[in-house]
Amino acid sequence: MEINLAKTAGFCFGVKRAIKIALETAKKDTPIEMLGDIVHNENVIKQLSKKGIQKVSELSTGKEKTLIIRAHGAERKTFEQAKKLGYSIVDATCPMVTEIHNIVKEMENSGHKIIIIGDKNHAEVKGIAGQLSEKPFIISNRDSIPYQEVEKIKKAVIVIQSTQMIENAEEIHEALKPLIDELKFFNTLCKTTKSKQAEIKMLPLENDVIIIIGSRTSANTNRLYQISKSLNEKTYQVMSEKEIDPSWFKGAQKVGVSTGASTPDEAIESVLEYLKKLK
Ligand code: SF4
């Protein structure tokens, strides 16, 4: 069976950077905490916890502790609260997420209402919203547009959660255009997302079976799976080779493999080894 690994497989720049920062910080002699998952991958979190980085769901007393801010960033109030509690903060926010923070802050200061296209429960979206003085609109799809409220806006700016699907964002943008007099659109999908999404539109058409490796808690992995599944019914998402069922490959000559932005190399290598041994 021919195995075709996506060129964009593996960690994205922001995840690599966050893990590097976390590992460097782990050398410190103080207790280290991360609020939530620093990246969305269970195996990475386990590895970091072995290095002494403890995942916490809320901040406690921070005296002599270090807090690592995850790749998706955090709300302004999290930084303020951590400082008050005495934490020393190491910020591993991806620079591309920081860029979105800067856009929304600047645009709010110049009198624009902020519209975020994304999932309101996702840490990155909460982090973007948490930079603002006023509550932004968070829209996940065309059906969830709050038309009556949106029509009252004179000046607005759209930004996109970095891992959203561009088609969804464009659809929402088109629907909002006639409703808002002055509407600016910033395509804030990150470079990795753009390349991964472009590649996953071809891979399923060129292969009989597609394997997407990555955590089900990772929004970008789930989106790759959705795109691939819509193009090739024989698309499967797995965390590791242990979840692969050999019957998926019956009669297949080519298998394409792609991964989320937070999938470690070891997981990719184990899946590739497993596939090579399949008869
Ligand atoms: S997916 Fe994009 S925005 Fe998110 S961490 Fe990776 S490079 Fe940064």
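**A guided reading of the predicted model**

Glu-64 lies in the loop between β3 (53-56) and β4 (66-69); helices (H or I, at least four residues) and strands (E, at least two) are DSSP runs, numbered from the N terminus. This is a predicted model, in which local features need pLDDT of at least 70, side-chain atom pairs count only at pLDDT 80 or more, and totals for chains, interfaces and linings use all residues. Residues are numbered from 1 along each chain as its sequence is written.

Glu-64 has a phi near 60°, a positive value in a residue other than glycine. Most residues other than glycine have a negative phi. Glu-64 is exposed, because 11 other C-beta atoms lie within 10 Å; the class exposed requires 12 or fewer such atoms, buried 20 or more, and partly exposed lies in between, with C-beta atoms placed from the backbone.

Three bridges join β6 and β7 in the parallel sense, and Ile-115 has Phe-137 in β7 as its bridge partner. Contact here requires C-beta atoms, placed from the backbone, within 7 Å; axes are lines fitted to C-alpha atoms, for helices over the stretch in contact, and angles run from 0 to 180 degrees between N-to-C directions.

Lys-113 lies in strand β6 (residues 113-117). Lys-113 is buried, because 21 other C-beta atoms lie within 10 Å. Leaving aside residues up to four places away in sequence, Lys-113 touches Ile-153, Lys-155 and Ala-156.

The surroundings of the ligand comprise 15 residues, of which the closest are Cys-12, Gly-14, Cys-94, Ser-162 and Cys-190; a residue counts as near if its C-beta atom, placed from the backbone, lies within 6 Å. Two or more residues of this shell come from each of α1 (13-26), α4 (95-109) and α8 (191-200). Helix α1 gives the most, with three residues.

Elsewhere, four bridges join strand β10 (residues 209-213) to β11, and the two run parallel. Ile-213 stands opposite Val-238 in β11.

Note on methods
Two strands pair if DSSP finds at least two bridges between them. Two residues are in contact if their C-beta atoms, placed from the backbone, lie within 7 Å.
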